[in-house]
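Some words for a structure rest on cut-offs.

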Amino acid sequence: MRVTEKAPAKLNLSLDTPMRYFDGSPRWDMVMTSADLADYVTVETHRRPATIKVYTNSGFLPNDQRNLAYQAAHILRSRFHCKEGVTINIKKNIPVAAGLGGGSSDAAAVLRALNSMWRLGLSKQELATIALTIDSDVPYCVYSQLAYVSGHGEKIELLPPQPHYWVVIAKQQISVSTPQILRQINYEKIDHLDNDQLLASLRAQDWQTATKYMGNVLEPVTMSFYPEIKRLKEKMVELGADVAQMSGTGPTVFAICHTESRAKRIQNSIRGFCRDVHVVTLL
């Protein structure tokens with residue numbers, strides 16, 4: 001049996017962290033959405049051999065238990081005592097190590113696929129609870145739609161659909177270590193976001209007001225190591241983006257535009273110094 005799932009990139013419209021938990025992990029306070037830049041994950045089950053295999057068209061990803069998609073298959077198979085083997089083929093379109101949740105979205109796609117193929121009957125909420133044991137972004141990626149995400153990443157409130165604006169997604173040739181950035185957070189110096197106002201605007205479907213409250217409190221941390229990220233963001237704003245900011249811990253910067261022509265203008269203007277640039281719509 002074979003199923004193919006779309007695994008969209010995630011974007012942080014807002015990313016804040018009010019505190020650390022006792023285990024040292026951040027408590028999150030975020031609004032997340034997904035973009036129509038996606039990997040495609042094909043999952044096939046078979047009786048023999050009863051192994052988990054991962055294949056990908058990217059040379060940068062591990063294909064063993066370090067891969068989040070592998071972990072997703074292993075967790076479901078172990079928890080529900082499924083005997084079949086699983087082969088996972090990932091067609092990567094989302095840049096790797098970009099702050100776009102590609103690995104998390106691939107894992108969520110495997111959870112959705114196996115839930116259907118093995119007829120487990122799990123709700124998305126139940127899948128999201130399992131997903132948290134893989135990575136903090138995987139619960140959101142089970143849904144992959146506009147949502148308020150808090151706690152460790154397991155508390156998810158879906159928000160009303162918004163207009164399908166255009167987004168320019170640009171990743172420079174930089175590798176950012178998420179654990180390193182998270183260790184650098186100084187909670188006494190964070191300039192917190194007004195997520196209450198952002199949520200009120202989104203619930204009222206007032207996108208124009210919502211853009212004024214978007215932001216990412218990790219930008220100053222990551223940009224202190226990689227000032228070229230700040231320059232890219234400033235360039236996008238200068239070229240007329242409705243809003244431009246870093247996603248996750250970076251290095252990807254995205255610009256939201258209300259017209260395709262404005263998005264294409266930004267894409268053409270930054271291509272000279274940033275080769276990995278995509279123009280897609282928000283989902």
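The questions below set values against definitions. This is a predicted model, where local features need pLDDT of at least 70 and side-chain atom pairs count only at pLDDT 80 or more, while totals for chains, interfaces and linings use all residues. Residues are numbered from 1 along each chain as its sequence is written, and side-chain values use heavy atoms, with hydrogens and water left out.

Q: Why is Cys257 called buried?
A: Buried means under 20% relative accessible area, exposed over 50%, and partly exposed in between (1.4 Å probe, protein chains only). Cys257 has 1%, so the word is buried.

Q: What makes Cys274 buried?
A: Its relative accessible area is 1%. That is under 20%, so Cys274 counts as buried.

Q: Why is Lys83 called exposed?
A: Its relative accessible area is 69%. Exposed means over 50%, so the word applies to Lys83. Lys83 sits in the loop between α1 (68–79) and β4 (85–91). Helices (H or I, at least four residues) and strands (E, at least two) are DSSP runs, numbered from the N terminus.

Q: Which residues of helix α10 (260–270) are buried?
A: Ala263, Ile266, Gln267 and Ile270 are.

Q: What puts them on the same side of α10?
A: They cover an arc of only 100° around the axis, taken from the directions from the helix axis to the C-beta atoms.
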